[in-house]
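Hello,

Here is the structure for your files, with notes on its salt bridges below.

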Amino acid sequence: MSEGDRVLFRDGRPMTLSADPGRRVYGERTIDVGGREYRDWSPNRSKLSAYLCLGGGFFPFTEGSDVLYLGAASGTTAGHISDIAVPGRVYCVEMSQRTFRDLVGTCSTRKNMIPILGDATTPETYRFAVEHADIVYQDVAQKGQADILADNMECFSARYGMVSLKARSEDVTSDPAAIFVKACARLEKRGMRIIDMLPLEKYEKAHAMIAVEMLP
């Protein structure tokens with residue numbers, strides 16, 4: 001990618017053009033490129049970065065994207081998405097009240113990040129706070145992850161979705177590869193086209209990134 005882009009690759013790792021120069025979200029390294037500050041996007045701290053580092057070929061996030069982020073935690077990955085999506089909005093849903101306090105701190109200096117204390121399994125409860133979503137990105141470690149993604153995509157009429165699926169949250173006894181196939185089949189049954197499915201084993205044990213498009 002060119003240095004004019006909001007995402008660069010340096011030494012095989014992605015970096016994002018900071019939407020909040022001078023501030024770090026999680027102690028990440030920053031570099032100056034042509035007078036602009038880029039933040040190192042660690043694949044050890046972000047499953048989306050891990051997906052990119054492992055050769056993931058689908059990346060729907062662009063300047064102006066409105067993103068619904070489910071399971072935003074303290075805002076590590078959401079912060080990088082906000083760098084890319086500005087001036088689009090990143091709606092950050094997190095259920096843990098303790099973690100939500102950290103998320104609010106991250107969002108406080110980023111005008112396009114909106115923290116929402118909510119349960120990703122009940123999208124209707126935070127629909128009032130989300131104006132629009134082009135993309136749903138999900139990192140929620142609980143059972144029924146495929147249906148959580150589909151429910152939210154349907155609720156907000158999102159075209160694209162990505163889920164970092166944790167096999168052990170679905171079934172601790174089954175083979176993760178079989179769980180990933182089953183999740184893809186479930187998403188197809190819910191009216192999605194599978195764009196990509198990539199195991200993240202090098203960085204995240206028993207995880208895979210699944211990318212989908214809502215069929216018309």
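Both Arg-39 and Glu-28 are buried (under 20% relative accessible area; exposed is over 50%, partly exposed in between, with a 1.4 Å probe and protein chains only). They form a salt bridge (a side-chain nitrogen of Lys or Arg within 4 Å of a carboxyl oxygen of Asp or Glu), with the closest N and O atoms 2.4 Å apart. Arg-39 sits in strand β4 (residues 36-40) and Glu-28 in the loop between β2 (13-17) and β3 (30-33), so the pair ties together parts 11 residues apart in sequence. Helices (H or I, at least four residues) and strands (E, at least two) are DSSP runs, numbered from the N terminus.

The model is predicted: local features need pLDDT of at least 70 and side-chain atom pairs count only at pLDDT 80 or more, while totals for chains, interfaces and linings use all residues. Residues are numbered from 1 along each chain as its sequence is written, and side-chain values use heavy atoms, with hydrogens and water left out.

The search of the whole structure finds 13 salt bridges.

Asp-147 forms one with Arg-190, the closest N and O atoms being 2.7 Å apart. This pair links distant parts of the chain, 43 residues apart: Asp-147 is in helix α4 (residues 145-156), and Arg-190 is in the loop between α6 (176-189) and β10 (192-199). Asp-147 is partly exposed at 23% relative accessible area, whereas Arg-190 counts as buried at 18%.

Asp-151 also forms a salt bridge with Arg-190, again with 2.7 Å between the closest N and O atoms. Salt bridges that share partners join Asp-147, Asp-151, Glu-154, Arg-186 and Arg-190 into one network.

Regards
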